[in-house]
Amino acid sequence: MNVSAVPELAPPLRLLLGPGPSMVHPRVLRAMSTPLLGHLDPRFLEIMNEVQAQLRAVFRTENPFTIAVSGTGSAGMEAALVNLIEPGDAAIVVAAGVFGNRMAEIVGRCGGRLVKLDVPWGQVCELGRIEEALRKEGKVKVVAVVHAETSTGAQQPMEGLGKLCHAHGALLVVDTVTSLGGVPVEVDAWEADAVYSGTQKCLSCPPGLAPLTLSPRALDAVKARKTKVQSWYLDAGMVADYWAEGKRVYHHTAPISMVYALRESLRLVLEEGLEARFARHRRHSAALMAGVAALGCSPQAQEGHRLPSLNCVRAPAGVDEGAVRKALLNEHDIEIGGGLGPLAGQVWRIGLMGESSRQENVLAVLAALEQALAKQGKAPKPGASLAAALESYARS
Ligand SMILES: *Cc1c(COP(=O)(O)O)cnc(C)c1O
């Protein structure tokens, strides 16, 4: 081939305000470009220990089994489910959007007996409904919920869920891909048994690793399996031996540069402090939501259960939402997300995750939205959305 047909990479500089990946701090990019170590090098083994300790702090857990699975958030989801579910095991899955449905799909592939609790997109599931299903189904191995449903912007309440599951002998699996590092995640206080996340959302690291923590109860369930885990790559027993201090049995080659990146992004998270970081996410989300309300958008998620990291809003009536997103990208270098599944063509999903959650980004996306809506003759008073956002900032 003609080598000049593929010039050196120089991607456009975009402002990433979609459902992920989010903006990455320069310190993380620098860490990624530092020299490689062998994955069994003593210094790299120390780095793995450091990352495990950082992940425990961010997950708020004492679980010894706390690692970064090699793969994106979906690999974390698959690892959690494939290790806990054996053919014939019953699993209750709350499906309130794309990611709950993905969990249900994986349960099926594990040969599990799926009990799917469908919830209208944008709503959360009442504890009572899960309790009723646990009573009715008898022996249930796993209850799986998405804490932060990125397709709808709704945040599932977690209070009492772990206790309820354990009272019925079930394990609790939680997807925290769009909450870890942006919204409180309390693995031990929730009594959750398998919790996974992804690096490219509120942790503001490139995609490629899936933080995963398993409770001692979950590990006992893995040990008590009658059948081998269907996936060789994601088998928690083998991966545990790779991450276990003193063992480090070769299993697969860790993605070295990604581990460097995660280590630096977790340093940034812990330097800021979790509570300060959660408050920052709430503050910028409130300003954005005030701004888009002035543009005629209404929230998709149920009141009182809206995610600050992923703001899902219905586009104003009569607006071609796809044309607006195209204008944002082409004319302003701003990426926001559209709707998935039944919400396609109806909503915008504006991510304010990690590094993306900043005042200048909120004001930039509002100004760009206003201009794009004006082109369709659908903009309200010029400057109205910025004024609403600034008013929200003045109050906070
Ligand atoms: C993004 C996301 C995933 C999947 O993560 P990938 O990194 O895209 O594989 C799973 N669950 C939720 C809630 C997500 O937002």
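Modeller: Gladly! Let us start with two strands: 3 bridges join strand S3 (residues 90-95) to strand S5 (residues 142-146), and the two run parallel. Strands are DSSP runs of E with at least two residues, helices are runs of H or I with at least four, and both are numbered from the N terminus; two strands pair if DSSP finds at least two bridges between them. This is a predicted model, in which local features need pLDDT of at least 70, side-chain atom pairs count only at pLDDT 80 or more, and totals for chains, interfaces and linings use all residues. Residues are numbered from 1 along each chain as its sequence is written, and side-chain values use heavy atoms, leaving out hydrogens and water.

Biologist: Which residue in S5 does Ala-91 stand opposite?

Modeller: Look along the parallel pair S3 and S5. The residue of S5 opposite Ala-91 is Val-142.

Biologist: Why is one side of S2 and of S4 left without a neighbour in the sheet?

Modeller: The 7 strands form an open sheet with mixed pairing, in the order S2-S10-S9-S8-S5-S3-S4. Strand S2 (66-70) and strand S4 (113-118) stand at the edges, so one side of each has no neighbour in the sheet, because each has a single partner strand.

Biologist: What angle does the direction of H3 make with that of S9?

Modeller: H3 packs on this sheet, touching S2, S5, strand S8 (171-175), S9 and S10. Contact here means heavy atoms within 4.5 Å. Axes are lines fitted to C-alpha atoms, for helices over the stretch in contact, and angles run from 0 to 180 degrees between N-to-C directions. For H3 and S9 the angle is about 165°.

Biologist: Now to the ligand: how much of its area does the protein bury?

Modeller: Start with its polar contacts, pairs of N or O atoms within 3.5 Å. A ligand nitrogen is 2.7 Å from an N or O atom in the side chain of Asp-175, and a polar side-chain atom of Lys-201 lies 2.7 Å from a ligand oxygen. Accessible areas come from the Shrake-Rupley method with a 1.4 Å probe. Taken alone the ligand exposes 380 Å², and the share of that buried by the protein is 89%.

Biologist: Which element gives the largest share of the shell around the ligand?

Modeller: The shell holds 14 residues, with Thr-72, Ser-74, Thr-150, Asp-175 and Lys-201 the closest; a residue is near if one of its heavy atoms lies within 4 Å. Helix H3 (73-84) and helix H4 (98-109) each give two or more residues to the shell. The largest share, 3 residues, comes from H3.

Biologist: In what order do the strands of the 4-stranded open sheet run?

Modeller: Its edge strands, each pairing on one side only, are S11 (298-299) and S14 (337-338). S14 is joined by 2 bridges to strand S15 (residues 347-351), antiparallel to it, and Gly-338 stands opposite Trp-348 in S15. With antiparallel pairing, the order is S11-S12-S15-S14.

How values were computed. Polar contact = N/O pair within 3.5 Å; in protein donor to acceptor, adjacent residues only side chain to side chain.
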